[in-house]
Amino acid sequence: MTALPRTSTDPMAPVSGVPDLEELHRVSRALETRPATAAIEWAWDRFGDDLVLAASFQDCVMIDLVAKVSADIEIAFLDTGYHFAETLWYVEHVRRRYDLNLRVVSPNLPADDLWLTDTDACCAARKVAPLAKVLSGREAWMSGLRRADGPVRATTPVVTYDVGRGLVKVNPIALWSDLDVDGYVRDHDLPVHPLAGRGYASIGCWPCTRPVTEGDDTRAGRWAGTDKTECGLHA
Ligand code: SF4
């Protein structure tokens, strides 16, 4: 098997400044034809403890894949204060099943009604700022972003450089279809989010998430009826 190119001759050398973007691109292209665990292995080998997975817990596919590589990889959950009760139950259920190295980060804000008037400001305070806390001092982060999530994510690479945050970003299941996800959940008997069978194809905060109907984009139920499609985590 051909070894994947690294961004440095020393696999554990810290990334100083902007990494070699051409190398990252080559790594990304090479990983497109490999199993998702190969991307996680590459990132873990390359960044070690400076790697973190930001998990939405709408399913636990990424968590299962990460667990196959190393139980030591930190997993972060952003508790906005507005998650469905079912999501909070699911986080605890999955944490116990996998004995996760889980970090729950909250914005430490009292309940407010910003989501009614300014969803961008609400997401900035309850998602983007807490993620910045999680990523502080890191070199790379992983997410479960997929091209099949919708048009905005249609060109998601497996490995890229998150320019805004100055970090390498790894999306191990970028090329997975909805059927791939469903098949993996079924084949590996993964715990399913209680809302998944009730039309919630993508699950975020309760004020901004609606069930979808057949034929809709996966994320059509997020901020439905507005122009907003992303919360800012993956800008
Ligand atoms: S998804 Fe809605 S409730 Fe959650 S942080 Fe964004 S605007 Fe606020």
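Rings, charges and positive phi

Modeller: Start with Arg222, whose charged end sits over the ring of Trp223, 5.2 Å from its centre (NZ of Lys or CZ of Arg within 6 Å of the ring centre and within 35 degrees of the ring normal). Lys228 lies over the face of Trp223 too, at 5.0 Å from the ring centre. This is a predicted model, with local features needing pLDDT of at least 70 and side-chain atom pairs 80 or more, while totals for chains, interfaces and linings use all residues. Numbering runs from 1 along each chain as its sequence is written, and side-chain values use heavy atoms, leaving out hydrogens and water.

Colleague: How many aromatic pairs does the structure hold?

Modeller: Six, where a pair means Phe, Tyr or Trp (six-membered ring) centres within 6.5 Å, stacked under 30 degrees between planes, edge-to-face over 60, tilted for the rest. Phe84 and Tyr200 have centres 5.5 Å apart and planes at 75°, so they're edge-to-face. They sit 116 residues apart in the chain. Phe84 is buried at 12% relative accessible area, and Tyr200 is buried at 17% (buried is under 20%, exposed over 50%, partly exposed in between, with a 1.4 Å probe and protein chains only).

Colleague: Which residues do ring pairs link into a cluster?

Modeller: Tyr82, Trp115 and Trp206. Trp115 is partly exposed at 21%, as is Trp206 at 40%.

Colleague: What is the phi of Asp99?

Modeller: About 50°, positive although Asp99 isn't a glycine. Asp99 is exposed, at 61%. Asp189 also has a positive phi, near 55°, and counts as exposed at 60%.

Methods. Helices (H or I, at least four residues) and strands (E, at least two) are DSSP runs, numbered from the N terminus.
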